[in-house]
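Thanks for coming. I will go through the packing between two chains, then one chain by itself, then two single residues. Here is the structure.

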Amino acid sequence: MYTVERKDNYVIIRNTQNRAEIEFNNISELSEVLKNLMEEGEKKILIDFKNVVYIDSAGLGVLLDTMKKLKANETELGILSISKDVLEVFTATKIAQYFKFYKNI
Amino acid sequence: MFNNDLTNLTMLVKNIESFIQQHSENAKLVYKVQLVVDEIVTNIIKYGYKKEEENTIIVNIRSFQNLFTITIKDNAKYFNPMEHTLPDLNKHKELKKTGGLGIFMTRQYVDKLDHDYQNGNILKIKIYK
C-alpha cells in the first residue's frame with residue numbers, strides 16, 4: 001500500500017510496509033499511483049525507497065516506462081533514500097542514468 | 001518443484017532467501033541469488049508456457065564452500081538466455097518483449113550460466129560467494 005504526501009514542491013510516494021518489495025505481483029499498485037499523479041499534472045514526484053528491500057525487472061520496467069512518459073511532460077521523477085543493495089540493481093542494469101537520486105529532501 | 005503459477009513464485013523466492021541466509025551472511029549475495037531465480041522462473045511462467053497449462057518447474061539450489069549452484073529445469077519451449085539480445089533501454093518496447101530487462105539483470109548477476117535442452121530447458125548457474 002502507498003501513501004502520497006506533499007513536501008515543499010514535491011509529491012512523495014511512500015510504501016507503508018516495513019520491508020517493501022516492488023515486484024511483478026504487486027507492481028500494478030505503484031503503477032496506478034504514478035498514473036494518477038501524472039494525470040493530476042504533478043511536476044515533481046519522488047518515490048521514497050527507504051523501506052524498499054527488493055525490486056525486480058517488472059518494477060524497474062514500470063519506473064523506466066513512467067520516467068519516459070513524465071520526461072516528455074517535463075515532470076521530474078526522483079528516487080529518495082534508496083539502500084545500497086537496491087541502488088546496485090539500478091546501476092547494474094544501467095537504469096540509474098535515467099533517475100535523480102536524493103539522500104533526503 | 002512447483003507449478004507454473006506466479007502465486008507460487010513468492011513462496012519459492014522466500015524459500016531461496018532463507019536458504020541463502022543459512023549459508024551466507026552477505027546480504028548482497030542473498031539479493032543476487034533471489035533476484036536471479038525470481039527473474040528466470042518469472043520468464044518461464046510468463047513466456048515458456050500457455051497460461052491454461054499446468055506444468056512443473058524444478059529449482060535445485062546447493063551451497064558449496066565458495067559458491068552456490070542453481071539448476072532450473074522446465075519442459076517449456078527452447079529458450080537460451082545467453083542467446084538473447086540485450087535490450088536497448090531507450091526503446092521500452094524491447095524491454096516488454098520476452099522479459100528483456102529480466103534476462104539482462106540475470107546476466108549481470110551470475111558468474112556462469114550454461115544452457116542445455118533435453119525435452120525442456122536446463123539452466124545451470126554458478127554464483128560465487
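Start with α3(A) and α2(B): these two helices are oblique to each other, oblique being whatever is left once angles under 35 degrees are called roughly parallel, over 145 roughly antiparallel and 65 to 115 roughly perpendicular. Their axes cross at roughly 45° and come within 10 Å. Axes here are lines fitted to C-alpha atoms, for helices over the stretch in contact, with angles from 0 to 180 degrees between N-to-C directions. Helices are DSSP runs of H or I with at least four residues, strands are runs of E with at least two, and both are numbered from the N terminus.

Before going on, a word on the source. This is a predicted model, in which local features need pLDDT of at least 70 and side-chain atom pairs count only at pLDDT 80 or more, while totals for chains, interfaces and linings use all residues. Residues are numbered from 1 along each chain as its sequence is written, chains are lettered from A and ligands numbered from 1 in the order in which they are written, and side-chain values use heavy atoms, with hydrogens and water left out.

Back to the helix pair. Which residues in α3(A) and α2(B) meet? From α3(A) they are D85(A), V86(A), E88(A) and V89(A), and from α2(B) they are A27(B), K28(B), Y31(B) and L35(B). By class, this contact of α3(A) with α2(B) has 5 nonpolar, no polar and 3 charged residues. Nonpolar covers Ala, Val, Leu, Ile, Met, Phe, Trp, Tyr, Cys and Pro, charged covers Asp, Glu, Lys and Arg, and the others, Gly among them, are polar.

Within α3(A), residues 84-92, the buried residues are V86(A), V89(A), F90(A) and A92(A). Buried is under 20% relative accessible area, exposed over 50%, and partly exposed in between, with a 1.4 Å probe and protein chains only. Their cover includes β5, α2, β6 and β7 of chain A, together with α2 and α4 of chain B. After α3(A) comes K94(A), with a positive phi near 65°.

The second pair is α2 of chain A, residues 57-72, with α4 of chain B, residues 100-109; they pack at about 120°, with axes 9 Å apart. This pair is therefore oblique as well. The contact, meaning heavy atoms within 4.5 Å, is made by S57(A), L60(A) and G61(A) on one side and L101(B), G102(B) and M105(B) on the other. It divides into 3 nonpolar, 3 polar and no charged residues.

Now chain A by itself. It has 3 helices and 7 strands, in the order β-β-β-α-β-β-α-β-α-β from the N terminus. Of its 105 residues, 51% are buried.

I22(A), in strand β3, is buried at 1% relative accessibility. Beyond its neighbours within four places in sequence, I22(A) has contacts that include Y2(A), F49(A) and Y54(A).

Is Q34(B) buried or exposed? It is buried, with a relative accessible area of 4%. Q34(B) lies in α2 of chain B, and, not counting residues up to four places away in sequence, touches Y54(A), V13(B), I16(B) and E17(B).
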